[in-house]
Amino acid sequence: MRELPLVVPDGCSLSAEGLTAQAGRAGRLLPSVVKVRRAEDELRVFFGPGVDRALVDEVVATEQRCCSFLQVEYDEAERLLRFGSDDEQGREVVGQLAGFFGEGR
């Protein structure tokens, strides 16, 4: 399984343990990922029809609470998880997430 870097970024309110738990949740979504697209400041992760919606909601809610430098939203109709950022730190995290979810799928 891919691993998220377990260094808590500046501005993230998660503890190291919280980041480990969030990485585990995101990792459980990987089998449902069908396509990943990235621009410099945005990542789009598309899921197949069997994605665990409750798990997606938990990932989104956690990211929205902990990382003020990221915009995170889920479009249920498109099964599309979006991560975006307007600053350098956030773009770096978007890049890390792209690698985790399999950019270029």
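Residues are numbered from 1 along each chain as its sequence is written, and side-chain values use heavy atoms, with hydrogens and water left out. Because the model is predicted, local features need pLDDT of at least 70 and side-chain atom pairs count only at pLDDT 80 or more, while totals for chains, interfaces and linings use all residues.

Let's start with the helices. Two packed helices are described by the angle between their axes and the distance between the axes. Here, helix α1 covers residues 16-29 and helix α2 covers residues 53-66. Both names come from DSSP runs numbered from the N terminus (helices are H or I, at least four residues; strands are E, at least two). The axes of α1 and α2 come within 10 Å and cross at roughly 145°. For such values, axes are lines fitted to C-alpha atoms, for helices over the stretch in contact, and angles run from 0 to 180 degrees between N-to-C directions. The crossing of α1 and α2 is left-handed, a label used if the near helix is turned anticlockwise from the far one by less than a right angle (clockwise would be right-handed).

Which residues in α1 and α2 meet? On the α1 side they are Gln22, Arg25, Ala26, Arg28 and Leu29, and on the α2 side Leu55, Val56, Glu58, Val59, Thr62 and Glu63. Sorted by class, this contact has five nonpolar, two polar and four charged residues. In that sorting, Ala, Val, Leu, Ile, Met, Phe, Trp, Tyr, Cys and Pro count as nonpolar, Asp, Glu, Lys and Arg as charged, and the others, Gly among them, as polar.

Arg25 in helix α1 gives a closer look at this helix pair. Contact means heavy atoms within 4.5 Å, and Arg25 touches Gly18, Leu55, Glu58, Val59 and Thr62, not counting residues up to four places away in sequence. Arg25 counts as buried because its relative accessibility is 13% (buried means under 20% relative accessible area, exposed over 50%, partly exposed in between, with a 1.4 Å probe and protein chains only).

Next come the rings. A search of the whole structure finds three aromatic pairs. Phe100 and Phe101 make an edge-to-face pair, at 5.1 Å centre to centre and 85° between the planes. Rings of Phe, Tyr and Trp (its six-membered ring) pair if their centres lie within 6.5 Å; planes under 30 degrees apart are stacked, over 60 edge-to-face and the rest tilted. Phe100 is buried at 2% relative accessible area, and Phe101 is buried at 0%. Ring pairs also link Phe83 with Phe100 and Phe101 in a cluster. Elsewhere, Lys35 lies over the face of Phe46, 4.6 Å from the ring centre; the rule is NZ of Lys or CZ of Arg within 6 Å of that centre and within 35 degrees of the ring normal.

Finally, the strands. Tyr74 sits in strand β3 (residues 71-75) and is buried at 15% relative accessibility. Among the residues that Tyr74 touches are Phe47, Val51, Arg79 and Leu80. Tyr74 and Val45 are 29 residues apart in sequence, yet 9.4 Å apart in space, C-alpha to C-alpha. Arg79 lies in the loop between β3 and β4 (80-84), where it is partly exposed at 29%. Although Arg79 is not a glycine, it has a positive phi of about 50°. Leu80, in strand β4, is buried at 2% and touches residues including Arg44, Val45, Phe46 and Tyr74.
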